[in-house]
Amino acid sequence: MEAGKTELLSDVHSRLWFTYRKKFSPIGGTGPSSDAGWGCMLRCGQMILAQALVCSQLGRAWRWRAEGGQPEKYHRILHCFLDRKDSCYSIHQMAQMGVGEGKSVGEWYGPNTVAQVLKKLALFDDWNSLAVYVSMDNTVVIEDIKKQCRQASSESRLRPRPCGWQEPFTSRETPEQACSHTDGNRATTCPHSQSHSDWRPLLLVIPLRMGINHINPVYIQALKECFKMPQSCGVLGGKPNLAYYFIGFVGEELIYLDPHTTQSAVESEAGSGVDDQSYHCLRSPRRMKITNLDPSVALGFFCKSEDDFDSWCNLVQQEIQMKRNLRMFELVENHPPHWPPFVPPTKPEVQTTGAEFIESTDKLFESEEEFEILNV
């Protein structure tokens, strides 16, 4: 039992913990310089995405060490989330991309809205080459996911920068020649050389409403089964206007990381190390009774390979669909014929960066804000 508790705490401490921050550069140049009071769901979205990137780049078994000595990939992941306008998953980028989802900067987000924002921002992160699929109408379509994940991860002739933004290859380089570069005495690689380039790592997000005003008890066991799956990346949810990042359960209580702590923004120059102590929650994780959970949630799963995704599908069929009278969500093989055709999201052909880009592309994406309430 003690060994299990130690491993649980090690897992919690290793997760990147994003909280309210203050004293960062104003969003959009003239907007808020703190997200206290409104950014909790955005921070939870950062946490679930960061967990997917850690699993992709470092592996699920990786553990953070407080004394330092973290691998380079860890620091590259952390740089993606710093409170800077040029970090690809910063509060700046997420808040401004949310404008295209009908949310003003400073407005509170729900789980589905933040999932849509993550899906769009991931298009500009060539280093991780993550495919983010957000289900519609409580339905996960296997055919659509495989179509999206089988897109070549080297579609663009762009070289990743440390935070995921890109610069063009020189005209004399082919993508293959550009795959290996040196940074001082350290060799670096890019996604073009990755062996899994025929399958992009998948972050699958399933927005659900498991009841009307309160979670329907018939879904509690299915929710627990989702946490048990090795592909589980956590759950976005909480209470009305209070977002938490749920990472597991003990008995009838959910374990979660709480973003409602305001810390000062961490100063860092691009390419330099970051004091990461404030990005890990070193106290015991918080707990909440499952029955107190708001019914509006978003389930997250990470599948690094196609075999991993196929294994997840089998688990869902066995543990969710076959054993439950009322299903949390549907898993179907083929694209429903009455739906519009599925077109995998692609990055617009624009060569610019950061806030400049986001301010000009709100209308390039269609919103998928609405989702249906589960029948009970």
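This note sets out, in numbered points, the fold, the helix packing and some loop residues of a predicted model.

1. Basis of the values. The model is predicted, so local features need pLDDT of at least 70 and side-chain atom pairs count only at pLDDT 80 or more, whereas totals for chains, interfaces and linings use all residues. Residues are numbered from 1 along each chain as its sequence is written, and side-chain values use heavy atoms, with hydrogens and water left out.

2. Overall content. The chain holds nine helices and 15 strands, where helices (H or I, at least four residues) and strands (E, at least two) are DSSP runs numbered from the N terminus. Of its 376 residues, 55% count as buried, buried meaning under 20% relative accessible area, exposed over 50% and partly exposed in between, with a 1.4 Å probe and protein chains only. Among contacts in the chain with a separation of 6 or more, 73% come from residues 24 or more positions apart, a contact being heavy atoms within 4.5 Å.

3. The seven-stranded sheet. An open sheet with mixed pairing is formed by seven strands in the order β2-β8-β14-β9-β10-β11-β13, two strands being paired if DSSP finds at least two bridges between them. The edges are taken by β2 and β13 (286-289), each with a single partner strand, so one side of each is left without a neighbour in the sheet. From one strand to the next the twist averages 30°; for the angles in this note, axes are lines fitted to C-alpha atoms, for helices over the stretch in contact, and angles run from 0 to 180 degrees between N-to-C directions.

4. Strand β8 and its partners. Strand β8 (residues 202-209) is largely enclosed by the rest of the structure, because seven of its eight residues are buried. On one pairing, β8 runs parallel to β2 (residues 131-134) through four bridges, with Val132 opposite Leu203 in β8. In the other, eight bridges join β8 to β14 (residues 296-303) in an antiparallel arrangement, and Leu204 has Phe301 of β14 as its bridge partner.

5. The β9-β10 pair and its loop. Strands β9 (residues 232-239) and β10 (residues 242-250) run antiparallel and are joined by five bridges, with Val235 standing opposite Phe246 in β10. The loop between these two strands contains Asn241, which has a positive phi of about 65° although it is not a glycine. With a relative accessibility of 54%, Asn241 counts as exposed.

6. Helix α7 on the sheet. Helix α7 (residues 220-228) lies across β9, β10, β11 (253-257) and β14, and runs at about 80° to β10. Seven of the nine residues of α7 are buried, so this helix is largely enclosed by the rest of the structure.

7. The α6-α8 packing. Helix α6 (residues 142-149) packs against helix α8 (residues 306-321) at an angle of about 165°, with the axes 12 Å apart. The two helices are therefore roughly antiparallel, the term used for angles over 145 degrees, with under 35 counted as roughly parallel, 65 to 115 as roughly perpendicular and the rest as oblique. In the contact, Ile142, Ile145 and Lys146 of α6 meet Glu306, Phe309, Asp310 and Cys313 of α8, and these residues divide into four nonpolar, no polar and three charged.

8. Asp137. At 26% relative accessibility, Asp137 counts as partly exposed.

9. Lys103. Lys103 lies in the loop between α4 (91-97) and α5 (111-121), and its relative accessibility of 17% makes it count as buried. Leaving aside neighbours within four places in sequence, Lys103 is in contact with Gly98, Trp108, Tyr109 and Thr113. The C-alpha atoms of Lys103 and Thr113, ten residues apart along the chain, are separated by 8.6 Å.

How values were computed
Ala, Val, Leu, Ile, Met, Phe, Trp, Tyr, Cys and Pro count as nonpolar, Asp, Glu, Lys and Arg as charged, and the others, Gly among them, as polar.
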